[in-house]
Amino acid sequence: MKIYFVRHGETESNKKGTVTGHIDSPLSDEGIEQAKKTLLEIPDGFEELYSSDLIRCKQTAEILNQKFNLQIKYDLRLRERHFGSLAGKKFSEMDTTGEMKEKDKNQQYDYRPYGGEHVEDVKKRVFAFIGDIKKYDKHKKILVVTSGGIIRLLHNILNGEVHEKIHNISIHEFKFPDTEK
């Protein structure tokens, strides 16, 4: 089955270069315009729309939903990875050696010492969400609005790709096996 994922529009935190994680950072004016522009580019025919419950994703989903007029289903499992006490900081402030950023990029992070999540925690919740979709909405065309870290994780697990950055409002199509491994 295929599921389309969209990263939320730009936020003020994105502009400043700070990690947000679970901080509820709204879209900037530019982020709102990005989402409106994507209305013209996004494929037709989505039957279900899911979104992270964080405001930046909600706002993006609401704008995109102007095209589909669906009930948006908000799911906490689609939240960005949790950085704990590091949220709101730039990588350069919290990681002078670059080791933490490299681990983050390669999906080897562990933010538990700071009150956040380990990559396995994030995988578990995201794939629990995917499992529910496969059970209940398997034959529908699905759009999911989430954050860059979740999309990077999926590229890594499903395609073996390492992405340094996922651009705001970019659209990503992932194929999930119909049977469990």
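Helices (H or I, at least four residues) and strands (E, at least two) are DSSP runs, numbered from the N terminus. Keep that in mind as we walk through this predicted model, where local features need pLDDT of at least 70, side-chain atom pairs count only at pLDDT 80 or more, and totals for chains, interfaces and linings use all residues. Residues are numbered from 1 along each chain as its sequence is written, and side-chain values use heavy atoms, with hydrogens and water left out. Let's begin with the sheet, then look at the helices and a few single residues.

**The sheet as a whole**

- Strands of a sheet pair through backbone hydrogen bonds, either parallel or antiparallel.
- Here, five strands build an open sheet with mixed pairing, in the order 3-2-4-1-5.
- Two strands count as paired if DSSP finds at least two bridges between them.
- At the edges sit strand 3 (72–74) and strand 5, each of which pairs on one side only.
- On average, neighbouring strands of this sheet are turned by 25° against each other, direction ignored. Such angles run from 0 to 180 degrees between N-to-C directions, and the axes are lines fitted to C-alpha atoms, for helices over the stretch in contact.

- Is strand 1 (residues 2–7) mostly covered or mostly uncovered? Mostly covered, as five of its six residues are buried. Buried means under 20% relative accessible area, exposed means over 50%, and partly exposed is in between (1.4 Å probe, protein chains only).
- With strand 5 (residues 171–175), strand 1 pairs in the antiparallel sense over five bridges.
- Two pairs to look for are Tyr-4 with its bridge partner Glu-173 in strand 5, and Lys-2, which stands opposite Lys-175 in strand 5.
- With strand 4 (residues 142–146), strand 1 pairs in the parallel sense, again over five bridges.
- In that pairing, Arg-7 has Thr-146 of strand 4 as its bridge partner.

- Strand 2 and strand 4 pair in the parallel sense over four bridges.
- Find Ile-142 in strand 4 and you'll see Glu-48 standing opposite.

**Helix 2 with helix 3**

- How do helix 2 (residues 29–38) and helix 3 (residues 55–68) meet? Their axes come within 8 Å and cross at roughly 30°.
- That makes helix 2 roughly parallel to helix 3. The cut-offs are under 35 degrees for roughly parallel, over 145 for roughly antiparallel and 65 to 115 for roughly perpendicular, with the rest counted as oblique.
- Helix 2 passes helix 3 in a right-handed crossing. A crossing is left-handed if the near helix is turned anticlockwise from the far one by less than a right angle, and right-handed if clockwise.
- On the helix 2 side, Ile-32, Ala-35, Lys-36 and Thr-38 meet Thr-60, Ile-63 and Leu-64 of helix 3. Contact here means heavy atoms within 4.5 Å.
- By class, the contact of helix 2 with helix 3 has four nonpolar, two polar and one charged residues. Ala, Val, Leu, Ile, Met, Phe, Trp, Tyr, Cys and Pro count as nonpolar, Asp, Glu, Lys and Arg as charged, and the others, Gly among them, as polar.

- The axes of helix 6 (residues 119–136) and helix 7 (residues 148–159) come within 11 Å and cross at roughly 90°.
- Helix 6 and helix 7 are therefore roughly perpendicular to each other.
- Helix 6 brings Val-119, Val-122, Lys-123, Arg-125, Val-126 and Phe-127 to the contact, and helix 7 brings Ile-150, Leu-153, Leu-154, Ile-157 and Leu-158.
- By class, the contact of helix 6 with helix 7 has nine nonpolar, no polar and two charged residues.
- Helix 6 also lies across strand 1, strand 2 (48–51) and strand 4, running at about 135° to strand 1.

**Single residues to look up**

- Asn-69, in the loop between helix 3 and strand 3, has a positive phi of about 55° although it is not a glycine. Asn-69 is exposed, with a relative accessible area of 70%.
- Gln-107, in the loop between helix 5 and helix 6, has a positive phi of about 60°, and it isn't a glycine either. Gln-107 is buried, with a relative accessible area of 7%.
- Lys-105 belongs to helix 5 (residues 99–105). Lys-105 and Arg-152 are 47 residues apart in sequence and 8.1 Å apart in space, C-alpha to C-alpha.
- Not counting residues up to four places away in sequence, Lys-105 touches Arg-152, Val-162, His-163 and Glu-164.
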